[in-house]
Amino acid sequence: MIDKGVFTTRFKQLCKLKKKTQAEIAESLGISINGLKHYMRKTNNSFPPVEYLDLMAKEFDVDIAYLIGEIDVPKHSMLTISNTTGLNSKDKDMNIRAETAK
């Protein structure tokens, strides 16, 4: 289960790290500062909609999974994802098919 406390802690840490105010983040999301604060309240167990999480992650240059506490690495590279999951990138998959067809 996703921990809301991890999300709010990471959000605040990333704001400091990237030197962004909550007002600036709210503006980039297209919502009011009060709207953003609603999602940050400890008494509110709901997360922002995934569209907002995606915009936040892009603003902070991290993966959504990091922002919500599913992973502890801020950003995965395609190589890391490929090595971790065993999934191939499109180019690698095409190269394997080409080798197999020979």
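In this predicted model, the axes of helices α2 and α4 come within 10 Å and cross at roughly 125 degrees. Angles over 145 degrees would count as roughly antiparallel and 65 to 115 as roughly perpendicular; α2 and α4 are therefore oblique to each other. The crossing of α2 past α4 is right-handed.

The residues that make this contact can be listed from both sides. From α2 come I25, S28 and L29, and they meet Y52, L55, M56, E59 and F60 of α4. Sorted by class, the contact of α2 with α4 holds six nonpolar residues, one polar and one charged.

Helix α2 itself spans residues 22-29, and I25, A26 and L29 are its buried residues. Viewed down the axis of α2, these buried residues fall within an arc of 100 degrees, so they line one face of the helix. What do the buried residues of α2 pack against? Their partners are α1 (4-17), α3 (33-40) and α4 (50-60). After α2 comes G30, which has a positive phi, near 80 degrees.

Helix α1 contains F7. Buried means under 20% relative accessible area, and F7 has a value of 0%, so F7 is buried. Leaving aside residues up to four places away in sequence, F7 touches Y39, M40, F47, P48, L53, M56, L67 and I68. One of these, M56, is also among the α4 residues that meet α2. F7 and A65 are 58 residues apart along the chain, and their C-alpha atoms are separated by 9.8 Å.

How values were computed
Residues numbered from 1 in each chain as written. Predicted model: local features only at pLDDT ≥ 70, side-chain atom pairs only at ≥ 80, totals over all residues. Heavy atoms only, no water. Buried < 20%, exposed > 50% of the residue type's maximum accessible area, 1.4 Å probe, protein only. Helix = DSSP H or I, 4+ residues; strand = E, 2+ residues; numbered from the N terminus. Arc of directions from axis to C-beta. Contact = heavy atoms within 4.5 Å. Axes fitted to C-alpha atoms, helices over the stretch in contact; angles between N-to-C directions. Parallel < 35°, antiparallel > 145°, perpendicular 65-115°, else oblique. Left-handed = near helix turned anticlockwise from the far one by under 90°. Nonpolar A, V, L, I, M, F, W, Y, C, P; charged D, E, K, R; others polar.
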